[in-house]
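Biologist: Thanks for sitting down with me. Could you walk me through this model, one question at a time?

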Amino acid sequence: QTPYFLTADHCGGDVSSSDFGEWIFRFNYESAGCTATSEPSGNNVTGCTKKSRAPLNGGSDFLLLQLNTTSTNLKNIGAVYNGWRNTTTASSSGVSIHHPSGDIKKISTYTSALGTATYNGGTGNVGATNAHWRVYWAATTNGHGVTEGGSSGSPIFDNNGLVIGTLSGGSSYCDATSSPDLYGKMSYH
């Protein structure tokens, strides 16, 4: 029950220790539907320390932090610890839980097997060879989930509910629902 937090290194892995002490992590920022009738308050935890990282350029883009809080505090606010797998076998289906553009929690679903890919963001950042999962999102009864800026670092779960990667980026968005996203593989992290 160590309060670890997994995200993408490009979300700030190179900031100073004092900056990490000011980061705010919001839990329970969600609503019962796709939109909230009022702004959800959520629960905040302030501060963390860096435990490990790998850059996007030449790596798999992960940042492992330890929150400045206790497991008891996290339990009291209803936080959930996610299990993970470092499998190299592609998952056939699953979801990602994320906050596109900093919005309330959204869930995107995939129903076809993940592919292996090398991240190339076109901005000089090229990930390690085959260090990412490529995902294509599926339409559901609630619409077609995608990611946006702000979703970076979010987990992708396999069909057993275990984290298998973290979002580096991609080309999906509301008007490009058939475009893929790339998640750094836990097996490479």
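Modeller: Happy to, starting with Lys 106, which counts as buried at 19% relative accessibility; buried means under 20% relative accessible area, exposed over 50% and partly exposed in between, with a 1.4 Å probe and protein chains only. This is a predicted model, where local features need pLDDT of at least 70 and side-chain atom pairs count only at pLDDT 80 or more, while totals for chains, interfaces and linings use all residues. Residues are numbered from 1 along each chain as its sequence is written, and side-chain values use heavy atoms, with hydrogens and water left out.

Biologist: Which residue forms a salt bridge with Lys 106?

Modeller: A salt bridge needs a side-chain nitrogen of Lys or Arg within 4 Å of a carboxyl oxygen of Asp or Glu. Here the closest N and O atoms are 3.4 Å apart.

Biologist: How many residues apart in sequence are the parts tied together by Lys 105 and Glu 30?

Modeller: Their side chains meet in a salt bridge at 2.8 Å, N to O. Lys 105 lies in the loop between strands S6 and S7, and Glu 30 in the loop between S2 and S3, so the pair ties together parts that are apart in sequence by 75 residues. Strands here are DSSP runs of E with at least two residues, helices runs of H or I with at least four, numbered from the N terminus.

Biologist: Is Asp 158 buried or exposed?

Modeller: The side chain of Asp 158 meets Arg 85 in a salt bridge of 3.3 Å, N to O. Arg 85 counts as partly exposed at 30% relative accessibility. Asp 158 has a relative accessible area of 4%, so the answer is buried.

Biologist: Which residue has its backbone oxygen 3.1 Å from a polar side-chain atom of Ser 108?

Modeller: Ser 108 is found in strand S7, residues 106-110, and is buried, with a relative accessible area of 1%. Among the residues that Ser 108 touches are Trp 137 and Gly 145, where contact means heavy atoms within 4.5 Å. The backbone oxygen at 3.1 Å belongs to Val 146.

Biologist: Which residue stands opposite Tyr 183 in S14?

Modeller: Five of the five residues of S14 are buried, so this strand is largely enclosed by the rest of the structure. Strand S13 pairs with S14 in the antiparallel sense over five bridges; pairing requires at least two DSSP bridges between two strands. Opposite Tyr 183 stands Leu 167.

Notes: Polar contact = N/O pair within 3.5 Å; in protein donor to acceptor, adjacent residues only side chain to side chain. Lists of a residue's contacts leave out its neighbours within four places in sequence.
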